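I opened this notebook to keep track of what I looked up. The entries follow in the order in which I made them.

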Amino acid sequence: MLAVVLAGCSEPAPPEPPPADVDPMAEVPPERVFKGVLAGKPVHLAVQGCKVYRALPDGGGWQMVLEPELYPFFTSCDRQTLLAEKGAVTVTLGRIAFGAGGCCATGGTYRTKDGEVWKKL
């Protein structure tokens, strides 16, 4: 049996997980965050990585509530916006396929009046 060891070819160490007390949405710019009242209930939403997240009550973390449909090839987030007005939140998400021109392979504009149920416009 022959064993071959290649210098420098060991697997890289996995990345360190963020500390438990660090909010993963802390780096989201304010224009992609909504914190207010929808349908009479407090709601905290953030758009990050072409996905919409909702803060769980009592600091229980974040739950993904919306993402564009799957695409059979690799994509990258090209557009993500959030607009709050008249008791609703509207987000635009757009993923572009690698090697393709223009936007967007998946995504669209979605609206919610309660932070949970989303309707594609």
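Entry 1, strands. I began with Ala55, which stands opposite Trp62 in β4. I took strands as DSSP runs of E with at least two residues, and helices as runs of H or I with at least four, numbered from the N terminus. I noted that the model is predicted, that local features need pLDDT of at least 70, that side-chain atom pairs count only at pLDDT 80 or more, and that totals for chains, interfaces and linings use all residues. Residues are numbered from 1 along each chain as its sequence is written, and side-chain values use heavy atoms, with hydrogens and water left out.

Entry 2, β3 and β4. I looked up how β3 meets β4 (residues 62–66) and found an antiparallel pair joined by four bridges. Strands pair if DSSP finds at least two bridges between them. Val52 stands opposite Leu66 in β4. The two strands β3 and β4 form a hairpin with six residues between them, and Asp58 in that turn has a positive phi of about 60°.

I then turned to β2, which pairs with β3 in the antiparallel sense over four bridges. Ala46 has Tyr53 in β3 as its bridge partner. Here the hairpin has two residues between its strands, and Gly49 in the turn has a positive phi of about 65°.

I asked which residues line the largest pocket. They are Lys35, Gly36, Lys41, Pro42, Val43, His44, Arg54, Ala55, Leu56, Pro57, Asp114 and Glu116. The elements giving two or more residues to this lining are β1 (33–38), β2 (41–48) and β3 (51–55). β2 gives the most, with four residues. A pocket is an open set of points on a 1 Å grid over the protein atoms alone, where a 1.4 Å probe fits, with protein on both sides within 12 Å along at least five of seven lines; lining residues have an atom within 4 Å of a point. The volume is about 230 Å³, meaning the space filled by probe spheres set on points joined across faces, edges and corners. I sorted the lining into five nonpolar, two polar and five charged residues. Ala, Val, Leu, Ile, Met, Phe, Trp, Tyr, Cys and Pro count as nonpolar, Asp, Glu, Lys and Arg as charged, and the others, Gly among them, as polar.

I placed Leu121 in the segment after β8 (118–120). Is Leu121 buried or exposed? Leu121 counts as exposed because its relative accessibility is 59%; buried means under 20%, exposed over 50%, and partly exposed in between (1.4 Å probe, protein chains only). Leu121 touches Thr90, Thr109 and Arg111, not counting residues up to four places away in sequence, where contact means heavy atoms within 4.5 Å. The C-alpha atoms of Leu121 and Arg111 are separated by 7.1 Å, with the two residues ten apart along the chain.
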